[in-house]
Amino acid sequence: MVHLQCFVFQIPTTENEWLEQANQFETQWQFNNCVGAIDGKHVLINKPPGSGSLYYNYKGTFSVVLFAVVTVDYKFMYVHTGVNGSVSDGGVLKHTTFYKKLTSGQLMLPQPKFLSNTNTTAPYVFLGDSVFAISKHILKPFPQKNLTHDKRIFNYRLSRARRVVENAFGILSSRFRLFKKPIMVDVKNVDVIILACCALHNFLSKKLKNYITNNCVDREDFESATLRGGLWQQEQTLLDVNQCNQYQSNTEEGKTVRNIFKEYFNVVGSVDFQERMINVLGV
């Protein structure tokens, strides 16, 4: 009993469109060659009759998993829903058409380019958290154990750019109150409701100036070295997708790419506030 649905809202279809995404991420979040942020969340549902433990998640509730790719301005580029809550690890990515196109080269990502002011090339990447396996085009933080200074800097730089997807989910759940409790409809209709909310989120964020306000999203204060969380954090209801290491398939190529960015962010690509802010975020 699996109902998988996906919807492409504004995923680029040409190299130039991807380059525009990358330029925006570099300008706003100082992360070069980044074209999107990815994450997954559990959306609570009423237990479907006769489903047993199929939708039972690690928190002891019932859910489907919503996976999303998010743009620099908190809009959903791509969403996929319907994976059973029992699939509670980063492997949810492999159920998506996004992943299939990414790994087969069908996303039309640009070829690797030189990082600014260097002779080092790096591929275009999506940013995820620790639940995802690292690969050539998907970066995640270094493990927390035995972190060096340079790795902490990389984790900070990735974390601040990746927050766009956390904030997008937060705004979605705070604006659409149905996410505050289990969705009480037949499971076959849940996906349509979730996708409709994501579509409305994109529409309203474009059309209404007060849909996403300064208070809605996380804000860093570099002078005081503080981070103010968005209002959505006060009533966060979407559950994180948890990590299950036995399904991880990290690639050596991905680790090499991560090291390229780590070295870049610590030397040529450093920003003046990163030394202060790594202590704030605990990375």
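**Exercise 1.** Which residues of strand 3 lie on one side and which on the other, and are they buried or exposed?

*Solution.* The model is predicted: local features need pLDDT of at least 70 and side-chain atom pairs pLDDT 80 or more, while totals for chains, interfaces and linings use all residues. Residues are numbered from 1 along each chain as its sequence is written, and side-chain values use heavy atoms, without hydrogens and water.

Step 1. In a regular strand, side chains alternate between the two faces of the sheet.

Step 2. One side of strand 3 holds Ser-63, Val-65, Phe-67 and Val-69, and the other holds Val-64, Leu-66, Ala-68 and Val-70. These residues are all buried (under 20% relative accessible area, with exposed over 50% and partly exposed in between; 1.4 Å probe, protein chains only).

Step 3. Because eight of the eight residues in strand 3 (residues 63–70) are buried, the strand is largely enclosed by the rest of the structure. Strands (E, at least two residues) and helices (H or I, at least four) are DSSP runs, numbered from the N terminus.

**Exercise 2.** Find the strands that pair with strand 3.

*Solution.* Step 1. Pairing requires at least two DSSP bridges between two strands. Strand 2 (residues 34–44) runs antiparallel to strand 3, joined by eight bridges; here Asp-39 stands opposite Ala-68.

Step 2. Strand 4 (residues 76–84) is also antiparallel to strand 3, over seven bridges, and its Val-83 stands opposite Val-65.

Step 3. Five residues separate strand 3 from strand 4 in a hairpin, and Tyr-74 in the turn has a positive phi of about 70 degrees.
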